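Here are my notebook entries from an afternoon of looking around one structure.

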Amino acid sequence: AHRELWSLREGDFSKARKRLEPKPLSIERTKGSEILFGIAPCALALSQSRRDLFRLFLKQSSGSRRLVTSEFVLQATARGVPVHHVKRRELDALCRGRVHQGVCLEATPLRFKSLEEAEKPSLGDEENPNRQLIWLVLEQIQDPMNLGALLRSAYFLGVDRVVTSQRNSCPLTPTVSKASSGAMEVFDIYSTDDLRSFLKAKTAEGWEVMGTVSKPEDVENVPVISCLEFRWNKPVIIVIGSEGDGLSLETQLLCHRMLAIPPGRALHPGIESLNVSVATGILLHSICSQKLRHSD
């Protein structure tokens, strides 16, 4: 009897404690908005004029975080964005438990740009007729973490433009912005619903289209070279395929050559390939470092 009474009391205490605990603030979102999270995406979104901005949410903080908080308050004030200081639980709820680093920003989503909106880059000008251009084309990249990492590498290494296929591709979400460390906030990303026609048109304009492959033996009818052999002497498009299947056969056949990364050892079955964003970083560096040498 004592045991039953004790368990009843315990249950009552537990219910009472839950009732006394403050519930997370329910923040009503502006229609059509999304929640950016993380220091770099929010700071860069505030510094650009590419999104409409509604509210900035900052974690109530003290000590070393005060400097970060005050910089955000200054940025938001300059843009006329209201600032709300909230508890960590509120921020967790806003971004559904993702790593927000004490900052969330309510804003309109970023959209892909259409290729019609793109300014046509000149393949040459009077000062430098052999100007090197590099575009990165992404076919059906579906994972937001991969897309963000790809954008971060492309921005860092000097890619002139990124174009994605519309079909089966990840949209430009807050998770992509966070994974890109905010590069998505400053770098225009284009999209096309007809990747084949786009690649054919660039070939007709004198661009070299280079596909990518993890297993050279899987490729037929297209020459495969090591990325270390590639010499950059004309505008180039690097085409990256989806995480699981790589480039579709139709896209492969539109490539002049395929690039492969030579491994540093004999590989065990099942681990013969790299993550798509890591592989792309290696390929881009291999090519873009030639731009640096060329300009010296």
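I started with N168, which I found in the loop between β7 (161-165) and α6 (174-179). The model is a predicted one, so I kept that in mind for every number below. I looked up the phi of N168 and got a value near 55°, which is positive even though the residue is not glycine. Is N168 buried, exposed or partly exposed? I noted a relative accessibility of 39% for N168, so N168 counts as partly exposed.

Then I turned to Q140, a residue other than glycine that also has a positive phi, near 60°. Q140 sits in the loop between β6 and α5. I looked up the cover on Q140 too: its relative accessible area is 18%. The cut-off for buried is under 20%, so Q140 is buried.

**Entry: the nonpolar core**

Next I went inside. The largest nonpolar core has 31 residues, and I wrote down the members that touch the most others: I134, L136, V162, I238 and L259. Which elements give two or more residues to this core? I listed β6, α5 (144-157), β11 (236-240) and α9 (276-295). Helix α9 gives the largest share, with five residues.

**Entry: patches on the surface**

Back outside, I looked for patches. I found a nonpolar one made of L274, V278 and I282, with about 230 Å² of accessible area together. Where is L274? I placed L274 in the loop between β12 (257-260) and α9. L274 has 45% relative accessibility and therefore counts as partly exposed.

I also found a negative patch, formed by E116, E117, D193 and D194. I picked E117 from that group and traced it to the loop between β5 (113-114) and β6 (134-138). The relative accessible area of E117 is 48%, so I put E117 down as partly exposed.

**Entry: salt bridges**

How many salt bridges are there by the rule used? I got a count of nine. I wrote up some of the pairs.

I took R51 and E34 to begin with: they form a salt bridge whose closest N and O atoms are 2.9 Å apart. This pair links distant parts of the chain, with R51 in the loop between α2 (39-47) and β2 (53-59) and E34 in strand β1 (residues 34-37), 17 residues apart. Are R51 and E34 buried or exposed? R51 has a relative accessible area of 3%, so I marked R51 as buried. E34 is at 12% relative accessibility, so E34 counts as buried as well.

Then I checked D188 and K113, another salt bridge, where the closest N and O atoms are 3.6 Å apart. Why does this pair tie together parts that are 75 residues apart in sequence? It does so because D188 lies in the loop between α6 and β8 (189-192) while K113 is in strand β5. I looked up the accessibility of each partner. D188 comes out at 26%, so D188 is partly exposed, and K113 at 28%, so K113 is partly exposed too.

I also wrote up R257 and E208, which form a salt bridge with the closest N and O atoms 2.8 Å apart. This pair links distant parts of the chain: R257 is in strand β12, E208 is in strand β9 (residues 208-212), and they are 49 residues apart. R257 is partly exposed at 24% relative accessibility, whereas E208 is buried with a relative accessible area of 9%.

**Entry: one distance across the chain**

My last stop was S197, which lies in helix α7 (residues 195-204). S197 has 39% relative accessibility, so S197 counts as partly exposed. I looked up how far S197 is from L254, a residue 57 positions away along the chain. Their C-alpha atoms are separated by 9.7 Å.

Definitions and conventions
Residues are numbered from 1 along each chain as its sequence is written. This is a predicted model: local features need pLDDT of at least 70, side-chain atom pairs count only at pLDDT 80 or more; totals for chains, interfaces and linings use all residues. Side-chain values use heavy atoms; hydrogens and water are left out. Patches are made of residues with over 30% relative accessible area and no salt bridge: like charges are joined within 9 Å, nonpolar side chains (Val, Leu, Ile, Met, Phe, Trp, Tyr) within 5 Å. Accessible areas come from the Shrake-Rupley method with a 1.4 Å probe; for residues, only the protein chains shown count as cover. A salt bridge is a side-chain nitrogen of Lys or Arg within 4 Å of a carboxyl oxygen of Asp or Glu. Lys and Arg count as positive and Asp and Glu as negative; His and the chain ends are not counted. The place of a charge is taken as NZ of Lys, CZ of Arg, CG of Asp or CD of Glu. Helices (H or I, at least four residues) and strands (E, at least two) are DSSP runs, numbered from the N terminus. Buried means under 20% relative accessible area, exposed over 50%, partly exposed in between (1.4 Å probe, protein chains only). A nonpolar core is a set of buried Ala, Val, Leu, Ile, Met, Phe, Trp, Tyr and Cys residues joined through side-chain atoms within 4.5 Å.
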